[in-house]
Structure formats: structure tokens, C-alpha cells
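Please keep the sequence and the model in view while reading.

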Amino acid sequence: MSALGEHAFVKMNGLGNEIVVVDMRAGPSRITAAEARAAARPEGAPYDQMMVLYAPRMPGTDAFVRIYNKDGSESGACGNGARCIASIVFQETGKDALTFETATGLLNCWKTDRPDVFTVDMGVPRFRWDEIPLAEELQDTRIIGLQIGPIDAPILHSPSVVNMGNPHAIFWVEDVAAYDLGKIGPLLESHPIFPERANISLAAVTSREHLIVRTWERGAGLTKACGSAACAAAVAAARLRRTGRKVTVTVTGGDLAVEWRESDGHVHMTGPVEYEYEGHFDPALFASLALA
């Protein structure tokens with residue numbers, strides 16, 4: 001029997017980033033990549049990321065969380081998903097602050113004074129080439145020599161790179177809608193410079209306080225919102241002195257408030273969540289996996 005067969009789930013979204021939450025705290029089972037892919041099929045609960053809650057492993061945390069992309073790969077961070085699980089656990093516990101453990105560290109979440117709007121501490125961005133990681137040593141990751149298209153007239157070039165729980169490449173453009181990101185994204189996601197693949201974003205700076213971002217998400221494809229990409233773009237823009245450290249990031253699904261704190265280097269992201277529906281996974285989704 002699959003770990004997910006007949007298991008309950010909650011379907012939510014963070015600014016259109018499609019999230020499925022699965023609670024394994026009572027009966028923990030490891031979900032395989034094949035099961036995660038099957039769950040995301042149209043007849044299952046289509047998602048960009050699946051957030052799976054397990055009982056806490058560390059004192060002082062509220063849960064251990066595994067994050068699956070719809071291609072079955074695991075992710076190190078998902079800011080929109082973190083707000084979704086925070087919404088559920090806040091309602092259960094009545095707390096005002098939560099801490100989740102993930103594969104890449106701790107995520108702290110807080111309530112705000114607005115209903116269904118939460119803040120997530122996305123941690124400290126990493127800039128060293130081997131932390132992103134890149135396949136070759138580059139001293140300055142604010143801009144790297146990567147391009148796509150003809151050498152003398154590239155379509156996109158000179159991205160900033162940063163790890164915000166996941167590897168990110170941000171290409172600076174005038175108009176984020178002027179490019180076919182659905183075609184360009186997968187080519188750049190799997191470029192040899194990124195040994196662990198990367199999230200690919202187009203970012204336009206409209207003022208010192210505002211960015212517009214579109215993202216091709218590693219393991220998920222085009223998305224209406226990617227919280228870690230919004231944070232990565234905000235940090236990269238500040239490193240280049242194109243913006244301040246506190247900005248509004250407009251993604252396809254709406255606005256996120258991002259602050260790269262000078263005091264401790266942490267990135268705080270604030271945005272809404274939306275509940276959609278609840279259900280149970282049909283065991284038939286996973287029947288063929290048992291025969292494999």
C-alpha cells in the first residue's frame with residue numbers, strides 16, 4: 001500500500017503557487033519520488049509543491065517538513081508552502097509563532113495583524129559559488145557570465161545567482177512578459193553550470209522599492225509565485241544596489257513583501273495564503289507503482 005493511498009490532504013495556494021499539505025505526524029511514512037509524481041497528476045491533487053508534515057525531530061520545533069516538487073524531486077525551501085502549513089498549525093495550536101525544520105535548516109513563521117497573512121524567515125542567503133552551487137569557481141556571483149542565444153545577440157545574459165534554500169539564477173530584463181519562459185526556463189534550469197539544477201527568474205526593477213518577477217521553478221515549471229525566488233531576486237537586486245533592502249515583489253499571483261534585514265542578514269517574506277479544499281488520495285493513483 002502506498003503511503004499516500006487513502007491519505008487525507010489539504011489543497012491551498014500562496015498567491016497561486018499550488019500547494020498540497022499532507023499530515024504524517026500521526027503515522028509517519030516516507031513518500032517516494034514516484035508517489036509524489038503520481039499524487040500531482042490531474043486525477044490526484046495537482047500541485048507545484050507538496051508539504052509533508054512529520055512529528056518534530058528537534059526540541060523547540062513544531063514539525064519536520066519534507067518538500068516535494070511535482071516531478072518527485074525534493075526541495076530545500078518553499079516560502080509559499082511554509083505560509084500554508086503555518087496557517088494550519090497556527091489554527092491547531094493557537095500559537096503566534098512557529099518553527100519548522102526542513103532539510104536545509106529552520107523556518108520561523110509569525111502571524112501578522114491581517115487574517116491569512118503570515119511572515120516567514122527564509123534564513124540567510126548564500127553567495128559563494130560552491131554554496132549555490134555552481135559547477136566552476138566564480139569569485140563574484142552578483143553577475144556571472146551565462147547567456148542563452150547567439151553569442152553576439154543573446155536572448156538573456158549575465159544573471160545574478162544566489163542560494164535561498166534552493167539555487168536561483170535571476171536575469172535582469174526590462175519586461176518580464178517579453179520572453180517565452182516556458183521554453184527558455186527548462187534549458188537554463190538544467191544548464192551544466194548548475195549541478196543541482198536551478199530556479200530561473202526574470203526580474204524587472206521598477207523602482208528602489210519594487211520588483212516584478214516571473215519564475216520557472218526547478219522541478220515544477222512555470223508558477224504564479226515562488227517565494228524563495230522572490231526573496232532571491234530581492235537580495236540580488238540589493239547586492240547590485242538597484243534597490244534597497246525592503247521591497248515589494250510582484251509575481252504573477254500578486255505581491256510579496258520582502259526584507260533583507262541588515263541586523264542579522266535574514267530574509268523575511270510576508271504574504272497571504274488561501275484554502276481551497278480537502279480530500280483523500282485515490283489508491284488507484286498508486287496501483288501501478290506497487291506492481292513496478
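## Cysteines

In this predicted model, Cys 231 has a relative accessibility of 0% and therefore counts as buried. The cysteine sulfur closest to that of Cys 231 belongs to Cys 226, and because the two sulfur atoms are 8.8 Å apart, they are too far from each other for a bond.

Cys 84 likewise counts as buried, since its relative accessibility is 0%. For the sulfur of Cys 84, the closest cysteine sulfur is in Cys 78 at 7.6 Å, which is again too far for a bond. With a disulfide requiring two cysteine sulfur atoms within 2.5 Å, a search of the whole structure finds zero disulfides.

## The two sides of helix H3

Helix H3 spans residues 181-189, and its buried residues are Leu 181, Ile 184, Gly 185, Leu 188 and Glu 189. These residues lie on the same side of H3, because the arc that they cover around the axis is only 125 degrees. The exposed residues Lys 183 and Leu 187 are carried on the face of H3 that is turned away from this buried side.

What do the buried residues of H3 pack against? Their partners are strands, namely S9 (147-148), S10 (156-157), S12 (167-172), S13 (199-207), S14 (210-217) and S15 (221-223).

## Thr 61 in the loop between S3 and S4

Thr 61 sits in the loop that runs between strand S3 (49-54) and strand S4 (63-69), and with a relative accessibility of 10% it counts as buried, because the cut-off for that class is under 20%. A polar atom of the Thr 61 side chain lies 2.7 Å from the backbone oxygen of Met 58. When residues up to four places away in sequence are not counted, Thr 61 touches Pro 56, Thr 99 and Leu 106.

## Ala 40 in the loop between H1 and S3

Ala 40 is placed in the loop between helix H1 (33-39) and S3, where its relative accessible area of 15% means that the residue is buried. Leaving out residues up to four places away in sequence, the contacts of Ala 40 are with Ala 45, Pro 46, Tyr 47 and Lys 70.

How far apart are Ala 40 and Lys 70 in sequence and in space? They are separated by 30 residues in sequence, while their C-alpha atoms are 5.7 Å apart in space.

How values were computed. Residues numbered from 1 in each chain as written. Predicted model: local features only at pLDDT ≥ 70, side-chain atom pairs only at ≥ 80, totals over all residues. Heavy atoms only, no water. Helix = DSSP H or I, 4+ residues; strand = E, 2+ residues; numbered from the N terminus. Buried < 20%, exposed > 50% of the residue type's maximum accessible area, 1.4 Å probe, protein only. Polar contact = N/O pair within 3.5 Å; in protein donor to acceptor, adjacent residues only side chain to side chain. Contact = heavy atoms within 4.5 Å. Arc of directions from axis to C-beta.
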